[in-house]
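Me: I have a structure open and would like to talk through how its parts pack together. Could you take a look with me?

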Amino acid sequence: MRRLRRSLRPVRSGARRARARLGDLGALLNTRGVAFQDIRWVARTALARDQPDLAERALLELVRLGKASAEEQRLLRRLADERGAGAPGRQPRPSTAPEPSAGVGSGSSAGRPVEAGSSAGSPQLLIWRDRADAPLQATLVDPAAGVPADAGSGRSGTVAVWRTGWRELPRSLADELAIGLLTRVAVRNGVTTVRADDPSSAPLAEAVTRAVRDAGRPSAPTSELIP
Amino acid sequence: MIIPWRRGTAAAHFLDDALSALTAADWTAAEPPVACAYWPVDLANPYQALIYSGFPRHNLVPIRLREFGRFDSLLDALPEDLPRVLHVHWLYEVTAGSGSQGDALARVTRFEGEIRRLRGRGVRLLWTVHNVLPHETVYPEVEKRLRRFMLENSDLVHVMHDSHLELLESTFGVAPKAAAVVSHPSYVGAYPDHVDAAAARAHLGVPRTARVLVTFGQIRPYKGHTAFFDAFDRAVRLEPRLRWLVAGKVRDEPGGREFMRRAAEHPAVLFYPGFVPEADVQFYLRAADAAVFPYRSSLNSGAVALTAGFDLPVYASTGTSLSDLMPPEAVVRFDLDDPEKTARLLAEPPAEVSAAARDAVRTHSRGIAPAVVSDQLATELRRSL
């Protein structure tokens with residue numbers, strides 16, 4: 001009997017997939033006794049159809065069954081990370097296009113850089129992204145040395161933040177690493193002000209500010225913009 | 001977020017695991033975080049977990065490098081000015097699988113080239129010397145060359161006893177540029193330990209009145225099980241209450257099958273072949289009165305560290321190096337080539353294996369507890385950077 005069931009499996013699977021292709025792909029996940037190969041097929045098909053929510057559901061099911069490959073495990077982590085951005089406790093995912101006029105947090109204002117902390121004349125750290133989905137960049141600005149602290153001209157002394165090895169990482173992990181690295185730069189250079197040049201980098205600027213402030217250093221920023 | 005794998009267990013997730021570990025560093029500390037990748041990774045015993053247990057307190061981030069070839073991907077992902085260390089342990093993987101001396105030499109040459117290249121990328125090299133040469137060495141000259149290279153090129157060489165430095169120099173004719181002498185840690189607290197002797201003996205079926213000796217770990221030619229058998233057999237004739245508890249996997253090496261057959265047929269030997277799960281280790285060690293190490297040669301022994309963590313005095317052959325793992329008042333030495341005398345030592349236990357000796361072991365092993373040793377090694381590494 002068991003052998004018969006096993007021999008019929010590919011036939012049933014093919015029929016299920018054919019039905020799913022025509023109708024609701026996700027329904028296959030709710031089918032009783034669905035094989036993990038079919039779940040994997042749903043994940044792949046959903047990705048190809050740009051249905052990340054369904055792909056995530058299928059990958060979660062593969063993980064639950066202990067059948068996810070290393071590649072699928074990483075894909076799920078990245079996918080869930082992208083979809084979960086913006087949830088409490090997370091660095092918000094940047095919008096698909098820069099929205100400088102929208103502002104971020106209570107202290108921002110339309111069209112102006114978001115600023116965290118303030119101390120005139122002290123080194124500042126300026127953080128930005130060229131596009132909302134582009135790698136993070138940063139520069140140290142020393143107003144005392146006569147380098148203007150505005151977004152445009154302050155970019156000459158760029159701090160190497162982004163590493164090519166981060167390309168495959170979940171966005172939240174890359175952000176955490178960037179926060180760590182920028183915190184180190186800020187501490188080493190006695191930065192008292194962290195400025196974000198666009199809404200997407202504002203949460204990172206805030207996180208750096210908090211990290212430096214929490215270290216209890218005398219040079220740490222004393223105020224913050226975003227509650 | 002979801003992390004659908006166990007951290008540090010799959011080479012495929014190396015970069016995610018390594019960089020996630022880095023996020024836990026203190027980026028505001030006066031001393032910068034340091035990425036400390038270690039290779040090869042041995043999960044079969046807790047040694048590495050123990051010696052790195054105190055590293056994060058020094059802002060040193062231990063990273064399991066399960067595949068040597070992946071180290072470059074980590075270097076590509078590290079912030080540019082972040083110090084990076086490669087901590088090399090055992091070197092057996094370098095020549096593993098060599099079909100000839102020429103093949104082994106080619107592998108060593110390739111490895112040397114890789115190490116030079118990595119050092120060119122700013123990697124600091126730390127080498128821990130676990131043994132002088134691998135047990136059962138096939139190509140001794142090639143292995144010596146590899147060790148000379150490591151001595152010459154390591155920024156810091158870690159040995160576990162100060163006598164090892166002289167030994168290295170006399171064996172390889174090279175002294176390290178810088179060395180740190182940091183003891184092997186005892187395994188105190190590394191394994192579950194909640195049974196007493198009576199419960200352990202009940203679990204294993206060992207009579208309460210028996211005098212139990214234990215030898216724990218793999219059965220391998222250099223460990224001298226077969227030679228010790230003769231002495232033990234004589235001892236049992238003098239003291240019938242003696243039992244020899246042997247637990248460990250038998251490798252496919254000379255003498256293994258012969259030992260199994262003799263052990264199976266001897267009524268005073270309790271042989272448990274196979275890998276012992278972590279939770280079961282306590283049964284074998286709590287059931288024992290003393291540990292036996294009949295090694296023909298050894299430099300450092302995790303098994304000694306383990307039995308010391310369970311307060312066991314030891315009978316150790318003259319070839320067994322105990323380094324600083326045991327207090328002298330809890331060690332009985334014997335000569336593998338003199339089974340008659342050894343039998344008498346086993347049958348009439350001297351003060352070194354008394355209850356007072358157990359207390360001495362307990363005190364001593366706490367002094368080289370993992371946290372203490374890890375802290376010392378981390379301090380030495382920091383100093384060398």
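Me: How do α9(B) and α13(B) cross, left-handed or right-handed?
Reply: Bearing in mind that this is a predicted model, the crossing of α9(B) and α13(B) is right-handed.

Me: And at what angle do helix α9 and helix α13 of chain B pack?
Reply: Helix α9 (residues 225-238) of chain B packs against helix α13 (residues 339-347) of chain B at an angle of about 50°, and their axes are 8 Å apart. That angle is why α9(B) counts as oblique to α13(B).

Me: Which residues meet there?
Reply: From α9(B), the residues include F228(B), F232(B), R234(B) and L238(B), and they meet a set in α13(B) that includes P339(B), E340(B), T342(B) and L346(B). By type, the residues of this contact divide into nine nonpolar, one polar and four charged.

Me: Staying with α9, is H225(B) buried or exposed?
Reply: H225(B), which lies in helix α9 of chain B, is buried, with a relative accessible area of 2%. Leaving aside residues up to four places away in sequence, H225(B) touches T215(B), Q218(B), I219(B), R220(B), W244(B), V246(B), F259(B) and P294(B).

Me: Changing topic, how many residues are in the largest nonpolar core?
Reply: The largest nonpolar core has 73 residues, and among those with the most contacts inside it are I127(A), L19(B) and F111(B). The largest share of this core, 10 residues, comes from helix α5 (residues 171-188) of chain A.

Me: What does L19(B) touch?
Reply: Not counting residues up to four places away in sequence, L19(B) touches W166(A), L169(A), L173(A) and L177(A), along with L74(B), A77(B) and L78(B).

Key
Residues are numbered from 1 along each chain as its sequence is written. Chains are lettered from A and ligands numbered from 1 in the order in which they are written. This is a predicted model: local features need pLDDT of at least 70, side-chain atom pairs count only at pLDDT 80 or more; totals for chains, interfaces and linings use all residues. Side-chain values use heavy atoms; hydrogens and water are left out. A nonpolar core is a set of buried Ala, Val, Leu, Ile, Met, Phe, Trp, Tyr and Cys residues joined through side-chain atoms within 4.5 Å. Buried means under 20% relative accessible area, exposed over 50%, partly exposed in between (1.4 Å probe, protein chains only). Helices (H or I, at least four residues) and strands (E, at least two) are DSSP runs, numbered from the N terminus. Contact means heavy atoms within 4.5 Å. Axes are lines fitted to C-alpha atoms, for helices over the stretch in contact, and angles run from 0 to 180 degrees between N-to-C directions. Angles under 35 degrees count as roughly parallel, over 145 as roughly antiparallel, 65 to 115 as roughly perpendicular and the rest as oblique. A crossing is left-handed if the near helix is turned anticlockwise from the far one by less than a right angle, and right-handed if clockwise. Ala, Val, Leu, Ile, Met, Phe, Trp, Tyr, Cys and Pro count as nonpolar, Asp, Glu, Lys and Arg as charged, and the others, Gly among them, as polar.
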